[in-house]
Amino acid sequence: MTLTRRPRPTAGVTGTYLLLMTLAVVFAGPFAWLVLAALKTKTEWVAIPAKMLPETPRWDNFTAALTEINFPAYLGNSLFLSFLYATLVTLSSAAVGFGFARLRGFGKRPLFVVLLSTMMLPQILTLIPTYVLFARAGLVNTYWPWVLWGLAGSPYLVFLFRQFFAAIPTELEDAAIIDGCGYARIFLRIFLPLSKPVLLTSFVLSFTWIWGDYIAPALFLDPDHTTLAVAISAFYLDPHGNPDDTVQAAAAALYVVPVLAVFLFAQRYFIRGIVSSGLKG
Amino acid sequence: MVATASPATRRGWRRYSSRTFYLFVAPWVLGFGLLTALPLVYALGISLTNFNGVSDRWRWVGLRNYAELLGDTDAIASLLRTLAYTAIAVPLTVGGGLGLAVLLNRRLKAVGLFRTIFFLPSVVPVVAMAIMWKLIFNRDAGILNAILEKISVTPISWLVDPNAFYALIILTLWGLGGGMVIMLAALQGVPSELEEAALVDGASRWRVFRHITVPMISPVIFFQVVTGVIASFQVIIQPLLLAQTNQVGRVAEVPQSTHLFMVQVYQEFFSGNRYGYGSAMLWMFFLVILAVTLVVLRSSRLWVYYEVDGEADR
């Protein structure tokens with residue numbers, strides 16, 4: 001039935017293609033311009049009138065990007081924080097999602113409503129007060145905030161797991177309960193192994209959240225301990241203290257390429273995460 | 001204080017034990033209390049003081065911060081600017097996402113490639129996004145002015161007033177692919193029999209789209225509007241990072257036209273050290289967002305179509 005979805009005449013197909021191709025150029029343009037800027041010398045970059053292509057592509061900007069600031073250290077910080085948070089938040093959200101999907105408890109429904117409403121709560125509102133609190137508790141410039149955020153789970157991912165777990169037939173756990181299996185074991189041995197695609201979706205999404213986050217590391221971490229996101233946004237300066245555009249472009253390219261690569265490989269997990277939350281919200 | 005002695009536990013069957021449920025949801029419950037509720041309450045507390053973030057010599061000032069806020073023309077202006085930004089950016093992103101989804105919901109070659117190209121920008125981290133667009137908006141070296149010069153438009157300073165506002169909108173629109181993917185999934189869920197029946201009955205393409213397709217996917221459009229509104233109220237990083245940092249150091253002078261409410265709050269906290277006042281701003285903003293969200297939610301009964309036969313629970 002679905003095969004014959006749209007037996008449609010070819011009217012306007014050429015026009016659609018032209019439109020799509022124009023739009024594709026517009027959407028892909030910024031990526032191309034970033035790479036071109038990264039391959040230019042400083043004089044080529046500031047030349048008037050602006051030039052599209054560099055005379056010869058130069059990789060100097062990339063070596064400068066890696067050496068002008070302590071790129072490996074910031075990269076390490078970004079990877080460590082993203083990995084730490086993604087692991088914790090995925091496991092904790094899975095457990096909470098399991099609770100909401102499979103267990104009964106007093107006050108479960110209102111609690112779920114609270115969870116859904118926090119998805120609507122602008123996170124920026126709590127971030128600054130959290131910073132003030134954590135500063136008083138001596139947690140600023142440590143990675144503890146990310147541990148706590150990870151352990152707390154993310155309402156969005158909880159929802160993702162809940163939807164997945166709720167669709168699993170109850171026969172599985174009935175059998176396990178009859179065999180004397182506790183819910184902890186049921187969760188760890190049956191539900192987690194079944195949910196590999198969702199675990200991966202959750203991990204990939206949460207990893208990119210931290211990798212891409214700017215405001216939390218900018219607030220909570222000193223320049224020495226900060227992430228790549230903060231470092232590339234501000235640390236590339238020429239001897240006069242002005243932003244070093246071409247080197248910054250090279251650094252930004254190095255910074256986005258992993259995200260794009262992960263995305264292209266794990267596209268369906270990204271889209272699943274986005275679509276299921278968007279459709280069922 | 002986990003409710004261990006609730007009535008449900010006395011049923012004796014482990015399956016319905018509240019205790020197990022609370023053990024599983026404890027991470028989120030504790031996290032919500034500690035990392036969401038507590039900061040909000042704390043902010044409410046310091047909004048009633050003149051706390052400056054460092055000194056312990058603060059005192060209660062009652063509602064004075066709120067009274068000051070009502071007369072603070074800069075803050076009110078930035079609030080109105082945020083509302084204007086939301087009113088422009090949300091319809092454009094949602095409409096644009098829907099438009100692209102409609103284009104891609106056809107049997108065309110290379111649909112997957114186009115979908116990827118349109119979606120890719122929405123996964124780019126905001127820092128990289130800002131760097132990329134600063135290279136494009138650059139007055140002398142940027143490609144946008146180079147293209148405009150070809151059609152003999154004099155170079156435009158994109159990142160200063162009043163153009164910075166449009167630059168911000170353009171940057172926002174670049175990321176509309178996330179919404180497009182959701183719309184596309186929704187469109188593919190519309191039963192084709194409905195549309196085909198209407199076409200057979202002689203309805204025009206546009207009428208079918210307007211009176212069948214759009215109502216069928218209106219819950220998804222609605223969800224996009226709600227999350228879009230909430231997201232655009234929060235915008236702070238883009239204006240901060242798009243601001244020209246010509247001077248030594250990192251203190252960016254955010255142009256007036258992109259000086260959104262959260263930017264103003266940020267500056268009260270971290271440039272002015274007015275934690276009490278900044279917290280009052282946060283709380284007022286919280287109430288404004290709540291009010292706007294409720295208005296949008298209430299409006300849904302006017303234009304959102306829900307199927308009632310429960311078929312959605314498959």
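A polar contact is a pair of N or O atoms within 3.5 Å; within protein, one atom must be able to donate a hydrogen and the other to accept it, and residues adjacent in sequence count only if both atoms are side-chain atoms. Between chain B and chain A there are 8 residue pairs in polar contact, both residues being at pLDDT 80 or more. The model is predicted: local features need pLDDT of at least 70, side-chain atom pairs count only at pLDDT 80 or more, and totals for chains, interfaces and linings use all residues. Residues are numbered from 1 along each chain as its sequence is written, chains are lettered from A in the order in which they are written, and side-chain values use heavy atoms, with hydrogens and water left out.

**Interface of chain B and chain A**

- In chain B, 99 residues are in contact (heavy atoms within 4.5 Å) with 109 residues of chain A.
- The buried area, meaning the accessible area (1.4 Å probe) that two parts lose on being put together, summed over both, is about 9100 Å², and carbon and sulfur atoms give 75% of this area.
- Helix H1 (residues 18–46) of chain B gives the most to the side that touches chain A, with 18 residues; helices here are DSSP runs (H or I, at least four residues), numbered from the N terminus.
- That side of chain B divides into 69 nonpolar, 17 polar and 13 charged residues. Ala, Val, Leu, Ile, Met, Phe, Trp, Tyr, Cys and Pro count as nonpolar, Asp, Glu, Lys and Arg as charged, and the others, Gly among them, as polar.

**Salt bridges**

- A salt bridge is a side-chain nitrogen of Lys or Arg within 4 Å of a carboxyl oxygen of Asp or Glu.
- A:Asp244 forms a salt bridge with A:Lys42, with the closest N and O atoms 3.3 Å apart. A:Asp244 lies in the loop between helix H13 (228–234) and helix H14 (245–265) of chain A and A:Lys42 in helix H2 (residues 42–46), so the pair ties together parts 202 residues apart in sequence.

**Local features of chain B**

- B:Asp72 caps the N-terminal end of H3(B), a side-chain oxygen lying 3.1 Å from the backbone nitrogen of B:Asp74.
- The peptide bond from B:Asp161 to B:Pro162 is cis, with omega near -5 degrees. B:Pro162 is found in the loop between helix H6 (143–150) and helix H7 (163–174) of chain B.

**Confidence**

- The pLDDT is the predictor's confidence in each residue, from 0 to 100. Its mean is 86 for chain A, where 92% of residues reach 70 or more.
- For chain B the mean pLDDT is 85, and 89% of its residues reach 70 or more.

Terms used: Helices (H or I, at least four residues) and strands (E, at least two) are DSSP runs, numbered from the N terminus.
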